[in-house]
Amino acid sequence: MTTARTPGHGPLTGVRVVELAGIGPGPFAAMLLADLGADVVRVDRPGGPGLAIDPAYDVTNRNKRSVVVDLKSGDGPARVLDLAARADILVEGYRPGVAERLGVGPEACHARNPRLVYGRMTGWGQDGPLAERAGHDIAYIAPTGTLGMIGRPDEPPAVPANLLGDYAGGSLYLVVGVLAALHHARATGTGQVVDAAIVDGTAHLATMIHGMLAAGGWQDRRGANLLDGGCPYYGTYETADGRHMAVGALEPRFYEEFLTLLGIEDQATARKDVTRWGELRERIAVRFKTRTRDEWTAVFAGSDACVAPVLSLREAPHHPHLAARGTFTDHGGVTQPAPAPRFSATPTSVRTGPARPGADTADVARDWDVPGLLTAPRNPQ
């Protein structure tokens with residue numbers, strides 16, 4: 001069953017986006033554009049993209065609509081080009097050259113729509129010795145130096161899920177890029193290609209650290225610096241119940257309040273004395289082990305000690321501050337992060353649940369004036 005087009009919400013209302021289906025950072029970037037109000041049409045392939053979960057739970061497809069097009073069929077590329085001709089932005093995440101071989105690369109799309117912003121999401125980028133190689137988040141962030149920064153000095157680098165590469169270094173940079181290019185296209189009438197590579201974005205995230213490294217304020221090894229766990233008052237500690245508290249008491253007055261509430265005021269002079277950091281770390285660890293996470297949360301509540309409980313994914317929506325702000329929302333029985341950031345004049349929301357492959361073909365064909373979609377495969381699931 002198809003659904004009617006939802007009312008526009010968000011600052012990108014009126015912007016049309018074509019997303020060529022994939023997994024990971026491309027869909028997340030398109031979700032962010034959809035959350036901001038864009039009309040995102042996801043072009044699914046027959047059989048789906050291969051993500052091993054029920055499409056009803058793939059919330060990165062929320063606020064979108066879906067059509068199914070077989071790009072390997074005779075008229076498949078023409079259907080995508082019909083959509084591109086009416087779009088402001090196109091997002092694809094194929095390896096370099098694949099979109100061109102399928103007949104929907106930048107040259108073909110710009111021939112139909114010179115104003116189109118063509119966003120390309122890859123790990124290695126469109127050129128370079130590794131451009132043709134396969135990879136995933138962890139392999140992309142490893143050469144950039146960022147993975148090597150994370151974790152304890154006596155252990156292998158810690159794996160930051162796929163948040164650092166796929167989504168921070170990838171999706172967010174793609175969104176910034178296509179929106180900047182859209183501004184340029186509207187000012188000049190000329191579209192362009194945005195090459196968003198996870199390696200580039202992830203390296204860029206460490207800009208401040210590189211400056212500190214050049215200035216001698218950062219050591220090029222794990223667990224030896226102010227912000228990488230080397231500092232005892234910037235890190236995590238286990239509590240009596242096996243849970244954890246996070247400490248970020250960097251500034252003098254925050255550090256002083258932290259020591260007072262923790263009950264180790266005699267460590268005031270250890271803040272700048274690196275030779276005493278080992279002793280300080282042990283004292284902090286011993287104190288945190290005397291109470292549970294919830295008990296310490298109550299101790300530090302209302303303070304400026306910069307201490308917070310480390311919550312699980314299921315616990316996070318119930319944190320009082322996040323609950324009060326509505327940081328998480330429930331839609332269709334699925335608890336999920338609400339759209340971010342927030343806008344005073346053009347508020348955003350989760351308008352629809354995950355788009356089911358092919359479910360919106362008739363509506364998109366009508367709204368975008370692409371009747372050829374009605375002859376394409378409809379809903380294979």
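Helices (H or I, at least four residues) and strands (E, at least two) are DSSP runs, numbered from the N terminus. The model is predicted: local features need pLDDT of at least 70, side-chain atom pairs count only at pLDDT 80 or more, and totals for chains, interfaces and linings use all residues. Residues are numbered from 1 along each chain as its sequence is written, and side-chain values use heavy atoms, with hydrogens and water left out.

The domain assignment gives domain 1 (16-204 + 335-374) and domain 2 (234-320). Such bounds come from an automatic or database domain assignment. The C-alpha centres of domain 1 and domain 2 lie 40 Å apart.

An open sheet is formed by 6 strands in the order 3-2-1-4-5-6, with parallel pairing. Strands count as paired if DSSP finds at least two bridges between them. Strand 3 (64-68) and strand 6 (192-197) are the edge strands, each pairing on one side only. From one strand to the next, the twist averages 20 degrees. Axes here are lines fitted to C-alpha atoms, for helices over the stretch in contact, and angles run from 0 to 180 degrees between N-to-C directions. Strand 5 (residues 117-122) runs parallel to strand 6, and 6 bridges join the two. Val117 stands opposite Gln192 in strand 6. Helix 7 lies across strand 5 and strand 6, at about 65 degrees to strand 6. Contact means heavy atoms within 4.5 Å.

A second pairing involves strand 7 and strand 8 (residues 244-248), which are antiparallel over 5 bridges. Gly235 stands opposite Val247 in strand 8. The hairpin of strand 7 and strand 8 has 5 residues between the strands, and Gly242 takes a positive phi near 80 degrees there.

Grid points are joined across faces, edges and corners, and a volume is the space filled by probe spheres set on the points.

The largest pocket has a volume of about 1,000 Å³. Its lining holds 30 residues, with Val59, Leu313, Phe328, Gln336 and Pro337 nearest the centre. Helix 1 (25-35), helix 6 (163-188) and strand 11 (334-337) each give two or more residues to this lining. Helix 6 gives the most, with 5 residues. The lining divides into 22 nonpolar, 5 polar and 3 charged residues. Ala, Val, Leu, Ile, Met, Phe, Trp, Tyr, Cys and Pro count as nonpolar, Asp, Glu, Lys and Arg as charged, and the others, Gly among them, as polar. Domain 1 and domain 2 each supply at least three residues.

Of its 35 lining residues, Gly151, Gly223, Asp228, Gly229 and Gly230 are closest to the centre. Helix 7 (198-205), helix 8 (207-214), strand 7 (234-238) and helix 10 (277-288) each give two or more residues. The largest share, 4 residues, comes from strand 7. The lining comprises 21 nonpolar, 11 polar and 3 charged residues. Domain 1 and domain 2 both contribute to the lining, so this pocket lies between them.

Two backbone features remain. Most residues other than glycine have a negative phi, and most peptide bonds are trans. Ala161 has a positive phi of about 50 degrees although it is not a glycine. Ala161 sits in the loop between helix 5 (137-141) and helix 6. A cis peptide bond joins Ala340 and Pro341, with omega about -5 degrees. Pro341 belongs to the loop between strand 11 and helix 13 (361-367).

Notes. 1 Å grid on protein atoms, 1.4 Å probe; cavity = no way out; pocket = protein on both sides within 12 Å on 5 of 7 lines; lining within 4 Å.
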